[in-house]
Amino acid sequence: MADISSTKQEILKGSSRLYSRNDNPFDRVRYMIDNMHLNKAYLSLSKNTQNKEQLLSKLKKDYKIYRERWVNVHENYKNDQNFSSGNKLLSPLSIDIETAAICDLACPHCSREYIITPDKIMKFELYKKIVDECVKLEVPSIKLNWRGEPLLNPKIDEFIKYAKEKGILEVSINTNAATLSEEKSKKLINSNLDIIIFSFDGGRKETYEKMRPGRFHNNNFDKVYENIKKFSEIKKKMNSKFPVTKIQMILTKDSRGETQDFFDLFSDILDDVTITQYNERGGSIKDLTETQQNKIEKYLGVNKLKKSIPYMVNFDDEIFISKKRKSCEQIFQRLMLTYNGRVGMCCHDWGAQHGVGFISEDPYKNDHREFLDVKEKIEKNKKGFSLLKNAKMPEKYNEPLKKVDSLENIWNGDELTKVRKIHRQNKLDDLDVCKNCTFKDTFTWEKIN
């Protein structure tokens, strides 16, 4: 194994994604295009056409365009006239569907620890309605999770199969792998899932178990590592090209010294190994060493800057500060759907506190009762809720009109149009939900001496 200086690759200064190994870098776009003939979306759609080569060529082109649009999203939408009433945007690039809101971990850096979240899973009928609308809109990608753990949905493999058979080009999930048994692994691989992303914070047992404690049972480093390793072994035995396997760790004070350990654990068994920036979600988790903290405080004092000014320390311990915000890409890329049909504009808006619409009437009829149920269990210190004692009822920054609407209408609707205009003017502080957001990609960064 090469040392860390030869395995890391800087992606973007100030990006939430920082480094990936570059001794053998994984090219997701190239891989997906090269293996498009094995993509279940192609195999399903090709049953209804005689010109299979033409279809394959189209899907390869569609995938390339989707990824180019994702990367260059601001270039596509930099003209303000794109947000005027009646002028429709291009379809969303992705829809994040919360197939499970429940999670079996109680990570101290997760918003679940500070904002009450119902322990629910999505009904299959609602999911099918969402996927059918995605197909109609020609949405190229869906991710089957948001706040929860998708493997806690007992039908997650059926959810994946439905989307792939309908022709969704890319279906992915993020998972903590705590319950990733051999049986579940085989079901996920057979479902034709395209991408599985493992979240694993820490390169050593002590740090991992501190950052990812279990809610209902102890969460064990060795067990989860073996789950992930076994998944890769099963995929290899099944001679399957999919799903692409990726793992990511966030940089905190505890994990900064374990980056080499992290690469050593996973670089030989997974396709893509990545380290990302920590974004504060209310937990005040320390992401700086004492030396780094002192350097920042000294710089702010000398330059007479507010102590609250945003900061970032990259993989190489270079320190950056920000004096200015910039538009968030997510409001031009995707929509977030809760388990019961509330539509949010961004993955950092936990629980769609600034909601932009509804695809079901359930959220505005039953949401409050379900939140109160969790609140009561926390107050009674029920099993699985003791680690959530700091969670509070979510604020509502915005409440859209209480009516069931289509994804297309919501994507082009007044609520999101207003948000996009504010972002394009770089007036993020005018939105309560964006004012205190720490997402690194919404800041411009200056390196300090």
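# A tour of rings, cores and a pocket

Start by selecting Phe 358. Its relative accessible area is 1%, so Phe 358 is buried. Keep in mind that this is a predicted model.

With a relative accessible area of 23%, Tyr 364 is partly exposed. How are the rings of Phe 358 and Tyr 364 arranged? Their centres are 5.0 Å apart and their planes meet at 80°. Planes over 60 degrees apart count as edge-to-face, so this pair is edge-to-face.

**Aromatic pairs**

The whole structure holds 20 aromatic pairs. For another one, select Tyr 31 and Phe 242. The ring centres lie 5.9 Å apart with the planes at 80°, so Tyr 31 and Phe 242 are also edge-to-face. Now trace the chain between them. Tyr 31 belongs to helix α2 (residues 28-34). Phe 242 is in the loop between α10 (221-237) and β6 (244-250). Is Phe 242 buried or exposed? It counts as buried, at 6% relative accessibility.

Next, select Phe 200, Tyr 208, Phe 221, Tyr 225, Phe 262, Phe 263 and Phe 266. Together they form one aromatic cluster.

**Charges over rings**

The charged end of Arg 147 sits over the Trp 146 ring, 5.5 Å from the ring centre. Then move to Phe 385. Over its face lies Arg 215, at 4.9 Å from the centre of the ring.

**The nonpolar cores**

Which residues have the most contacts inside the largest nonpolar core? Select Tyr 127, Ile 142, Leu 144, Leu 188, Phe 200 and Phe 266. This core has 70 residues.

Zoom in on Leu 188. Beyond its neighbours within four places in sequence, Leu 188 touches Leu 151, Ile 156, Ile 160, Ile 173, Leu 180, Leu 193, Ile 196 and Phe 231. Another core, of 17 residues, lies apart from the largest one. Its members include Tyr 63, Leu 93, Leu 169 and Ile 197.

**The second largest pocket**

Finish at the second largest pocket, with a volume of about 960 Å³. It is lined by 32 residues. Select the ones closest to its centre: Ser 308, Ile 309, Pro 310, Tyr 311 and Thr 438. Then colour α12 (290-302), β9 (319-325) and β13 (443-447), the elements that each give two or more residues to the lining. Which of them gives the largest share? Strand β9 does, with 4 residues.

Methods: Residues numbered from 1 in each chain as written. Predicted model: local features only at pLDDT ≥ 70, side-chain atom pairs only at ≥ 80, totals over all residues. Heavy atoms only, no water. Phe/Tyr/Trp six-rings, centres within 6.5 Å; stacked < 30°, edge-to-face > 60°. Buried < 20%, exposed > 50% of the residue type's maximum accessible area, 1.4 Å probe, protein only. Lys NZ or Arg CZ within 6 Å of the ring centre and 35° of its normal. Core = buried A, V, L, I, M, F, W, Y, C linked by side-chain atoms within 4.5 Å. Contact = heavy atoms within 4.5 Å. 1 Å grid on protein atoms, 1.4 Å probe; cavity = no way out; pocket = protein on both sides within 12 Å on 5 of 7 lines; lining within 4 Å. Points joined across faces, edges and corners; volume = space filled by probe spheres on them.
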